[in-house]
Amino acid sequence: MQKTIRRGPSLPARPAGLRPGWLAGGILAVLVALIAGVAFGPVSLPPGSVAVELLNLIPGVRLDSGLTEREIAIVTELRLPRAVLGLLVGGLLALAGGCYQGVFRNPLADPHLLGVAAGAGLAVTVVIVLRPAGGDGDPLAGLPVTIPLAAFVGASGAVLMTYLLGAAGGRDRSPATLILAGVAVSAFLAAGQTYLLQQDAESIQQVYSWLLGRLATAGWHDVLVVLPYAALTSVVVLLHRRELDVLSVGDQEAASLGLHPQRSRLLLVAAASLGTAAAVSVSGLIGFVGIIVPHAVRLLAGSSYRSILPLAMLFGGAFLTLTDMVARTAAAPAEIPIGVVTAFFGAPFFVLVLRSAKRVLT
């Protein structure tokens with residue numbers, strides 16, 4: 001009589017790594033977005049000529065783009081810094097969004113989860129309200145604190161408050177504890193911002209124009225401000241992206257595999273929050289990028305964070321640069337706040353994510 005051999009449950013397959021085809025697609029999306037972001041605006045330029053002029057930025061390359069000196073100045077001094085800033089900010093927000101979703105095992109987590117938005121908004125409101133009375137021109141003239149610096153300090157401080165409040169739960173706190181702490185800190189800081197705006201109604205327009213987000217930049221200053229933080233955040237998060245796959249099975253299982261869950265979670269949250277604070281400091285509050293892009297990548301390229309995070313950074317930068325192009329051209333010569341455009345695309349996508357995440361939230 002033949003015996004039937006019963007096999008135990010098979011181990012889950014190892015998540016697939018980053019495929020070269022998807023990496024090439026992400027790089028191509030960045031290049032297309034960069035050329036489109038520079039070529040199109042209130043005054044459109046030939047994309048082919050713009051591409052040639054961008055090649056001329058490579059040392060040793062000198063090709064005839066057919067653009068006039070004035071058009072070359074528009075490309076290199078006005079539009080290119082803005083497009084590069086869009087790539088950096090969009091990449092940071094998408095990378096942070098994917099990182100938060102992995103750390104908290106919550107598909108609705110985004111870069112504003114830990115009070116970043118509320119902290120930056122309150123700090124910017126304080127700086128604008130405290131501007132010198134009767135000052136003309138720059139509302140911050142005479143103040144030692146600029147809006148980007150205030151936003152960065154406020155966002156970083158809010159994250160620190162959230163973590164300290166979440167740490168009050170003890171060593172066995174769950175990821176949900178930090179999420180609830182972030183909600184509490186956001187509500188408290190938003191209340192302070194509302195109070196300040198009621199005391200100084202003249203500042204409402206300036207504050208809300210910043211809150212709606214913008215990528216307006218004069219030259220390369222903002223790019224150089226964000227670049228070090230973008231490099232540090234990207235290196236730390238991408239080098240530890242494998243740990244997010246381990247954390248996805250639970251803290252006990254991760255610890256049995258030799259990972260220190262709390263230490264890894266703290267490092268990843270700190271790096272993602274640093275990048276988010278830097279992005280918010282120069283662009284204002286731009287929502288939905290951290291939800292739209294990581295989920296789109298997850299649906300297309302798989303569930304491994306080894307693929308999600310680098311692809312989210314590439315496609316996030318391309319998405320925000322193209323969104324900024326729409327904001328500049330849809331109602332030209334007027335400019336739509338970029339936060340309005342991202343919300344237009346993000347709100348329907350958020351509904352789809354909410355429906356797909358029903359099992360997680362119940």
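Reader: At what angle do the axes of H3 and helix H8 cross?

Author: Two packed helices are described by the angle between their axes and the distance between the axes. Here the axes of H3 and helix H8 (residues 221–239) cross at roughly 30 degrees and come within 10 Å. Axes are lines fitted to C-alpha atoms, for helices over the stretch in contact, and angles run from 0 to 180 degrees between N-to-C directions. The helices themselves (H or I, at least four residues) are DSSP runs numbered from the N terminus, as are strands (E, at least two). This is a predicted model, in which local features need pLDDT of at least 70 and side-chain atom pairs count only at pLDDT 80 or more, while totals for chains, interfaces and linings use all residues. Residues are numbered from 1 along each chain as its sequence is written, and side-chain values use heavy atoms, with hydrogens and water left out.

Reader: Why is H3 called roughly parallel to H8?

Author: Angles under 35 degrees count as roughly parallel, over 145 as roughly antiparallel, 65 to 115 as roughly perpendicular and the rest as oblique. The crossing angle of H3 and H8 is roughly 30 degrees, which makes H3 roughly parallel to H8. H3 passes H8 in a left-handed crossing. A crossing is left-handed if the near helix is turned anticlockwise from the far one by less than a right angle, and right-handed if clockwise.

Reader: Which residues of H3 and H8 meet?

Author: From H3 come Pro81, Val84, Leu85, Leu88, Leu92, Leu95 and Cys99; from H8 come Asp222, Val223, Val226, Leu227, Ala230, Thr233, Ser234, Val237 and Leu238. Contact means heavy atoms within 4.5 Å. By class, the residues of this contact are 13 nonpolar, 2 polar and 1 charged. Ala, Val, Leu, Ile, Met, Phe, Trp, Tyr, Cys and Pro count as nonpolar, Asp, Glu, Lys and Arg as charged, and the others, Gly among them, as polar.

Reader: How do I read the packing of H3 and H12?

Author: In the same terms of angle and distance. Helix H3 (residues 69–104) packs on helix H12 (residues 289–301) at an angle of about 70 degrees, with the axes 8 Å apart. That makes H3 roughly perpendicular to H12. Their crossing is right-handed. H3 contributes Gly90, Leu93, Ala94, Gly97, Gly98 and Gln101 to the contact, and H12 contributes Val289, Gly290, Ile291, Val293, Pro294, His295 and Arg298. The residues in this contact divide into 6 nonpolar, 6 polar and 1 charged.

Reader: What lies in the loop between helix H11 and H12?

Author: Phenylalanine 288 lies in the loop that runs from helix H11 (261–283) to H12. Most residues other than glycine have a negative phi. Phenylalanine 288 is not a glycine, yet it has a positive phi of about 75 degrees. Leaving aside neighbours within four places in sequence, phenylalanine 288 is in contact with Thr342, Ala343, Gly346, Ala347 and Phe350.

Reader: Why does phenylalanine 288 count as partly exposed?

Author: Buried means under 20% relative accessible area, exposed over 50%, and partly exposed in between (1.4 Å probe, protein chains only). Phenylalanine 288 has a relative accessible area of 25%, so it is partly exposed. Glutamate 71, found in helix H3, is also partly exposed, at 22%. Alanine 231 in helix H8 has a value of 41% and is partly exposed.

Reader: Where is threonine 146?

Author: Threonine 146 lies in the loop between helix H4 (116–129) and helix H5 (147–167). Its relative accessibility is 41%, so it counts as partly exposed. Threonine 146 and valine 127 are 19 residues apart in sequence, and 7.6 Å separates their C-alpha atoms.

Reader: Which residues make the contact between H4 and H7?

Author: The axes of H4 and helix H7 (residues 204–211) come within 10 Å and cross at roughly 150 degrees, and the crossing is right-handed. The contact is made by Ala120, Gly121, Val124, Thr125 and Ile128 of H4 with Gln206, Val207, Trp210 and Leu211 of H7. It has 6 nonpolar, 3 polar and no charged residues.

Reader: How many helices and strands does the protein chain have?

Author: The protein chain has 15 helices and 0 strands. Of its 362 residues, 48% are buried. Among contacts between residues at least 6 apart in sequence, 74% join residues at least 24 apart.
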